[in-house]
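Work through the exercises below with the sequence and the structure in view. Each task is followed by a solution in steps.

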Amino acid sequence: MKRLKIKEVLKGELVGQQVLVKGWVRTKRGSKNVNFIALNDGSTINNLQVVADVEKFGEDFLKDINTSASLGITGDLVASQGSGQLVELNATEIVIYGKADPEKYPIQPKKHSLEFLRENAHLRFRTATFSAVFRIRHAMAFAIHQYFNNRGFVYLHTPLITGSDAEGAGQMFRVTTLDPKNPPLLEDGKIDYSQDFFGKSTNLTVSGQLEGELGATALGEIYTFGPTFRAENSNTARHLAEFWMIEPEMAFYELQDNMDLAEDFLKSLIKYALDNCMDDLEFLSKRLQEEEKNKPMDERSMELIEKLRFVLENDFIRLPYTEAIEVLKNSNHYKKNKFQYPVDWGTDLQSEHERYLVEKHFKKPVILINYPKEIKAFYMKQNQDGKTVAAMDVLFPGIGEIIGGSQREEDLDKLVTRMNEMGVPAHEMEWYLDTRRFGTVPHAGFGLGFERLLLFVTGMGNIRDVIAFPRTPKNAEF
C-alpha cells in the first residue's frame with residue numbers, strides 16, 4: 001500500500017478507506033482497553049489521532065510506543081468520535097521503525113524553554129513550534145524565488161569567498177590555508193598573503209551586492225539569495241554570525257522604483273504566508289499570546305495574523321530622514337525623555353525610534369529615505385544637497401528596519417571621490433568601477449535579511465529560533 005501524508009489524510013476525503021501513514025509519535029495516552037497515539041509526519045502542524053486496541057496489539061507491544069518513536073500504521077479511516085479532529089485512524093497494523101527511550105529522550109511532551117531547545121537544536125524540529133517555524137521558512141524561500149522568477153529576474157550566485165568588504169565594516173571571517181603557527185611574513189612583519197591559496201587576503205562575504213551590480217548592469221534585473229557572514233561579537237537576540245540575505249539589483253531603477261519594488265515584494269511574501277501557512281501561523285499566534293498573557297496590555301505584541309494583515313492592507317509611508325527627525329523631536333515620547341538613544345540629525349536611528357514612527361505616529365509601515373551620507377555606505381547615490389544619499393530603509397511594526405537599500409552612485413568621479421573619503425581602496429576594486437566606465441546607468445537595489453523576515457512572519461522573539469543551526473559567538477554546534 002502506498003503511504004499517504006498526514007496532511008492529506010486529515011482532509012477527511014478518504015473516510016471509509018484503508019490508509020497507510022508513517023511518522024513520529026507526539027504523545028500517547030490511553031486506558032487498559034485502548035491507546036490513543038498522536039502521530040505527526042512533518043507535513044502539517046496537526047496530528048493524526050490513531051486508535052490502537054490494547055487486546056489486539058498487546059500491552060507489551062504498545063509500551064514500546066513512546067514520544068518520538070517512529071511508526072508505520074495501516075488502518076481504517078473513520079469520522080472521529082471525539083472533538084478536536086475531523087477523522088481518526090483505527091489501527092489494524094503497526095510497525096515500529098525506531099523506539100525512543102522515554103528516560104533518555106530529552107524533548108518530552110511538556111513545555112520546554114526555547115533556550116533548552118536551542119541546546120538540543122538537532123531534535124527541536126520535532127516540536128510543534130519548530131516544525132511550524134521551518135515549514136514557514138521553506139514557504140518564504142519558495143515565495144521569494146517565485147516572486148522574482150515571475151518578474152523576469154535572473155538568480156545570480158555570488159561568491160561566498162571574496163577579497164572585498166561591501167559594507168566597509170571590517171568584521172569579516174578570514175579564509176586561509178596558511179599555517180597559523182608559522183605563516184609566511186613580509187619584511188615589515190605582516191603576513192604574506194601572496195603565498196596563500198588565493199594569492200591574496202580573502203574573507204567570507206558579508207554581502208553579494210557588489211557582484212550583483214555586475215550582473216544587473218548586463219542582465220538587467222538579478223537577485224541573490226544565499227548565506228552571508230559577519231564576525232560581530234554580539235550575543236543579542238537580533239544577531240547571527242551566519243545568516244541568509246536576499247539582494248535584488250536592478251538596472252535603470254531609481255529610488256522611487258526601488259521603494260515600489262520593496263513594498264510589493266514584502267506584501268507578496270506576507271500574502272503568500274497568509275494564503276499557504278495559516279495552520280502554522282494560527283498555532284504560532286496562540287503560542288505568542290500565551291507567552292505574553294502576563295505582560296501589561298501596552299507591552300504586548302500585536303496579534304501575529306493581525307500584524308501581517310496590517311502590513312498587507314496599508315500603503316507604506318515614504319518619509320525623508322530629515323522629516324522623521326522632526327517627528328521624533330516633536331513627540332511627547334521625546335519630550336518626556338522616553339527614548340533611550342539620542343535623536344539628532346546625523347545620527348543613525350535606533351529600533352526604538354523606527355518602531356515609534358511605525359507603531360505610534362503613522363500606524364503604518366514606513367520607508368525612510370535620504371539619509372545623511374556620513375552614516376551610509378560609499379556606493380549610495382549622492383543627492384544634490386551634498387549632505388544626503390538616496391538611501392531607503394523599510395520599517396515594520398515590532399521589528400524596526402527589515403529592508404535596507406539605495407539607488408547606487410552611477411557617476412564614476414563621485415564614486416571614486418567617496419571611496420577615497422571613506423578609505424575604501426579604489427585600486428582593489430577596478431572591476432567594480434568598470435561598471436561605471438563602460439555603459440553606466442542609474443541602478444538600485446536592496447537587501448532583505450531572511451531571518452529578520454522570518455522573525456516578523458513567525459512572531460518568534462530570537463533570531464536563533466528561525467534558523468536551523470544558529471552560528472553565534474562561541475557556538476558552532478551541530
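**Exercise 1.** State how many bridges join strand 8 to strand 9, and which way the two strands run.

Solution. Strand 8 is joined to strand 9 (residues 202-204) by 2 bridges, and the two run antiparallel. Strands are DSSP runs of E with at least two residues, helices are runs of H or I with at least four, and both are numbered from the N terminus. Two strands pair if DSSP finds at least two bridges between them. R174 has N203 in strand 9 as its bridge partner. Next, place the strands in their sheet: 3 strands form an open, antiparallel sheet in the order 7-9-8. Strand 7 (161-162) and strand 8 (174-175) are at the edges with a single partner strand each, so one side of each has no neighbour in the sheet.

The model is predicted: local features need pLDDT of at least 70 and side-chain atom pairs count only at pLDDT 80 or more, while totals for chains, interfaces and linings use all residues. Residues are numbered from 1 along each chain as its sequence is written, and side-chain values use heavy atoms, with hydrogens and water left out.

**Exercise 2.** Describe how helix 6 and helix 14 pack.

Solution. Start with the geometry: helix 6 (residues 209-219) and helix 14 (residues 430-437) have axes 10 Å apart, at an angle of about 35°. Axes are lines fitted to C-alpha atoms, for helices over the stretch in contact, and angles run from 0 to 180 degrees between N-to-C directions. Then take the hand: the crossing of helix 6 and helix 14 is left-handed, meaning that the near helix is turned anticlockwise from the far one by less than a right angle (clockwise would be right-handed). Last, list the residues that meet: Q209, L210, E211, E213, L214 and T217 from helix 6, and W431, Y432, T435 and R436 from helix 14. Contact means heavy atoms within 4.5 Å.

**Exercise 3.** Classify the ring pair of Y321 and W345, and find where the two residues lie.

Solution. The structure holds 24 aromatic pairs. Rings of Phe, Tyr and Trp (its six-membered ring) pair if their centres lie within 6.5 Å; planes under 30 degrees apart are stacked, over 60 edge-to-face and the rest tilted. The centres of Y321 and W345 are 5.8 Å apart and the planes stand at 80°, so this pair is edge-to-face. Y321 is in helix 10 (residues 321-329) and W345 in the loop between helix 11 (332-335) and helix 12 (351-362), so the pair ties together parts 24 residues apart in sequence. Y321 is buried at 0% relative accessible area, whereas W345 is partly exposed at 37%. Buried means under 20% relative accessible area, exposed over 50%, and partly exposed in between (1.4 Å probe, protein chains only).

For comparison, F396 and F456 form a tilted pair, 4.7 Å centre to centre with 50° between the planes. F396 in strand 14 (residues 388-396) and F456 in helix 15 (residues 450-458) are 60 residues apart, and both are buried.

**Exercise 4.** Which residues have a positive phi although they are not glycine: S68 and which other?

Solution. Most residues other than glycine have a negative phi. S68 has a positive phi of about 80°; S68 is in the loop between helix 3 (59-62) and strand 4 (70-79) and is buried at 6%. The other is F478, with a positive phi of about 70°. F478 is in the segment after helix 15 and is partly exposed at 46% relative accessibility.
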